[in-house]
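Okay, thanks for having me, everyone. Let me put the model up on the screen, and then we'll walk through it together.

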Amino acid sequence: MKHWTSLVSTISIALLIRGASAQNIILTNDDGWAVAQIRAQLDALVDADFNVVLSAPAENKSGTGSSTATPQPLSQPCEFNTCATGSPAEGFNASDPTLNYVNSFPVDAVRFGIQTLAPEFFGSAPEFVVSGPNVGTVLDNLGTVTQNSGTVGAACEAAKEGIPSAAFSAATDAQISFTTLASSPNSPDTLSALLYAELTANFTRTLLGPAARPILPSGVALNVNYAATTFSSSGPPNGDCATASDFQWVFTRLLPNSTAVDVETCGSENLPDETTVADSGCFATVTVMNATTKSDVDADVQAQVLDRLTPSGLLTCFT
């Protein structure tokens, strides 16, 4: 415990010193703390000059929505044997205490990150929560499926606690250990993980850029979905998705509704739905959702996010 306290103190001081210019992020997911995607995402965010602390479930908790329970000691090893049976309910990597697991649901993991880890490492609340990118063999966190997504559930929990957040989901091939990033650096899974991580880091940097605060309106979270990469066994729905620059970003709504009056953009007051866009080519969709109901928001709230993103030139029209 003394060694852990000393190590945390050293890292916390380093992050606080760097924090004068860097922004503080809690990184979570629903696939577990040791999957390749979350570790690739951690590296990409750090490379983008963010301070990052990972707080994710001890094992795969996909499809658990906003479920919550008191974390319990491990009755079996963490995923990929990254911690032993009998390990405490909340734990960390022995050589890097910024890597944390919580033996419960994604909601509990992000709550632990916000309430316990952020004050310890940052000396304050985080500025943003990145949830994901989710691992999925299909585009599985779109539309009504968001109700059951642990990735979305964690982002919504953060928003309800007053922390701006986004859920990121990706059509990739498999849930694999983070060790694959080093052992198979040219495998399709590694290449997909690195590409999705780069996309998410780029988006986060754009969203958290120099524009005035707040980053997002109160009580909302973003839902971002990526098409399959060229490296995926299923392949992209249409077009070449091999680099971050191949992806086009589109502002969307959760559910199709031809009578809805959305924010006016691209010559229309009716946004395309994220499923249609994501299934149509090399796209990344950005939807604003109510963090409590996980449903579409009104045009005024959409406009606040659109106004923040528009100056960056990130978004394109879907035709």
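So, where does Pro214 lie? Pro214 sits in the loop between α6 (188–207) and β7 (220–226). Helices here are DSSP runs of H or I with at least four residues, strands are runs of E with at least two, and both are numbered from the N terminus.

Quick housekeeping. This is a predicted model, where local features need pLDDT of at least 70, side-chain atom pairs count only at pLDDT 80 or more, and totals for chains, interfaces and linings use all residues. Residues are numbered from 1 along each chain as its sequence is written, and side-chain values use heavy atoms, with hydrogens and water left out.

Back to that proline. The peptide bond from Arg213 to Pro214 is cis, with omega near 5°. There's another cis bond between Gly132 and Pro133, with omega about 0°, and Pro133 is in strand β5 (residues 128–136). Most peptide bonds are trans, and most residues other than glycine have a negative phi.

On phi, then: Asp49 is a non-glycine with a positive value, near 75°, in the loop between α2 (36–47) and β2 (51–57). Asn81 has a positive phi too, about 55°, and belongs to the loop between β2 and β3 (90–93). Asp49 is exposed at 52% relative accessibility, and Asn81 is exposed at 63%. For those labels, buried means under 20% relative accessible area, exposed over 50%, and partly exposed in between, with a 1.4 Å probe and protein chains only.

Now the inside. A nonpolar core here is a set of buried Ala, Val, Leu, Ile, Met, Phe, Trp, Tyr and Cys residues joined through side-chain atoms within 4.5 Å. The largest one has 65 residues, and Phe203, Leu207, Leu222, Tyr226 and Trp249 touch the most other members. Its largest share, 8 residues, comes from α6. A second, separate core has 15 residues, including Val102 and Ala109.

Strands next; two of them pair if DSSP finds at least two bridges between them. In β4 (residues 96–102), 6 of the 7 residues are buried, so the strand is largely enclosed by the rest of the structure. β4 pairs with β2 in the parallel sense over 4 bridges, and with β3 antiparallel, again over 4 bridges. Tyr101 in β4 is the bridge partner of Ala56 and also of Gly91. β3 and β4 make a hairpin with 2 residues between them. Then there's β8 (residues 248–252), which pairs parallel with β9 (residues 283–290) over 5 bridges; there, Phe251 has Val286 as its partner in β9.

Last topic: how many disulfides do we get? The count is 3, taking a disulfide as a pair of cysteine sulfur atoms within 2.5 Å. Cys78 and Cys83 are joined at S to S 1.7 Å, and with 70° about the S-S bond that link is right-handed. Cys241 and Cys282 are joined at 2.4 Å. Cys241 is in the loop between β7 and β8, and Cys282 in the loop between α7 (274–278) and β9, so the pair ties together parts 41 residues apart in sequence. Cys266 and Cys317 come in at 2.1 Å, and their link is left-handed, at -90°. Those two are 51 residues apart, with Cys317 in the segment after α8 (299–309). Counting bonded cysteines along the chain, the pattern is 1-2, 3-5, 4-6.
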